Every structure is written in structure tokens, then in C-alpha cells.
Amino acid sequence: MMQRIGFGMDVHRLAPGESLWLGGILVPSDMGTVAHSDGDVLLHALCDALLGAAKLGDIGSNFPDTSDEFKNIDSKILLERSCQMVKARGWQVVNVDATLALQQPKVRPYIAEMETVMARIMGIDAGQVSVKATTTEKLGFEGRREGVTAYAVVLLAVANGW
Ligand code: MG
């Protein structure tokens, strides 16, 4: 089996006065995520996609939010560690495709930087990372600005297997 696909999703609550980290970028916003870590839903969904593709459990089993080690941790470190675990099993990341669902703020101006940061952490080219964003037409918890959701899909291939 030369390729594996992985899927991840994550949700965090939004509250006033919190920071909004998305894709490793601090996005200016009147509301941010409430979390044990920095609450970066996009990186958390990506970690789950990577770990899932390699059948290595999930972010909760590998980096428990009950552990002080991971309190307020920079999610870029979680992504780096997840990626190291995947690579240690002989996989390379072919591409990432992700979608953010949130009503506000508009994140389009930050997407290219998110892709660059995520690619750098994974040791791949920014051309292999796609981040998209959508509102939910003011429907549901994202539309009411109660929370933000991220979805990510990853394709892995055997390293040097092409
Ligand atoms: Mg999370």
C-alpha cells in the first residue's frame, strides 16, 4: 500500500478577549478560541488528518489536554511532532487540503501566510498546501460566532516511493 488518505476536523468555542490562532497565524479579531492549547483548530484538524492517515491515533491520544505539558502549547509544535511521527513510519506528505468554517473575521488576507507556515512546519512546499475558508451563511454555531470549525484532508505516500 503506497498511499494513505487522512481526514481531521476540530471545533473550538469562541469568546471575547481570546486570541484567534488559525493555521499558525494570529488573526486580528474581536473574538478568539477558548482552549487548553492555543486553540488553533486548523492545525488541530491537520494533526488529526496526519495521524489518522498513518493510523497513529489522534491528537487527543497523543497530546492529552489533561497534561500540563500541553497547556497553552503552540499548536505548531503539535503539528511538528505529528509530522515527525508520520515521517518516522516512512511516509511523506503529498498534499493537504483544508477548509475553515467561520462567520467573522474574513481570513482570506491571511491564507497565503497560513499555507506558508503550515508547509514549512511539515517540510513541504507551500504549493502542496491548500487552505480555504467559508462562512456558514450565518447558520449554525459558526454562523452565530459561537465557534469555529476546521476540516483537513491529507494524502501520504511512501517516502521515495514515487
Ligand atoms: Mg482543538
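**A mixed sheet and its helices**

Strand E1 (residues 3–16) runs antiparallel to strand E7 (residues 147–158), and the two are joined over 11 bridges, where strands count as paired if DSSP finds at least two bridges between them. Within this pairing, Phe7 has Val153 of E7 as its bridge partner. The model is a predicted one, in which local features need pLDDT of at least 70 and side-chain atom pairs count only at pLDDT 80 or more, while totals for chains, interfaces and linings use all residues. Residues are numbered from 1 along each chain as its sequence is written, and side-chain values use heavy atoms, with hydrogens and water left out. Helices (H or I, at least four residues) and strands (E, at least two) are DSSP runs, numbered from the N terminus.

The pair E1 and E7 belongs to an open sheet of five strands, ordered E4-E1-E7-E5-E6, with mixed pairing. Strand E4 (31–34) and strand E6 (129–134) stand at its edges, and because each has a single partner strand, one side of each is left without a neighbour in the sheet. On average, neighbouring strands of this sheet are turned by 30 degrees against each other, direction ignored; axes here are lines fitted to C-alpha atoms, for helices over the stretch in contact, and angles run from 0 to 180 degrees between N-to-C directions.

Helix H1 (residues 41–53) lies across E1, strand E5 (91–101), E6 and E7, and runs at about 155 degrees to E1. Helix H4 (residues 108–122) also packs on the sheet, where it touches E5 and E6 and makes about 145 degrees with the direction of E6; contact means heavy atoms within 4.5 Å.

H4 also meets helix H3 (residues 75–88), the two axes coming within 9 Å and crossing at roughly 45 degrees. That angle makes H3 oblique to H4, since angles under 35 degrees count as roughly parallel, over 145 as roughly antiparallel, 65 to 115 as roughly perpendicular and the rest as oblique. From H3, the contact is made by Lys76, Leu79, Glu80, Cys83 and Lys87, and from H4 by Val117, Met118, Ile121 and Met122.

Leaving aside neighbours within four places in sequence, Ile124 is in contact with Val93, Ala119 and Val129.
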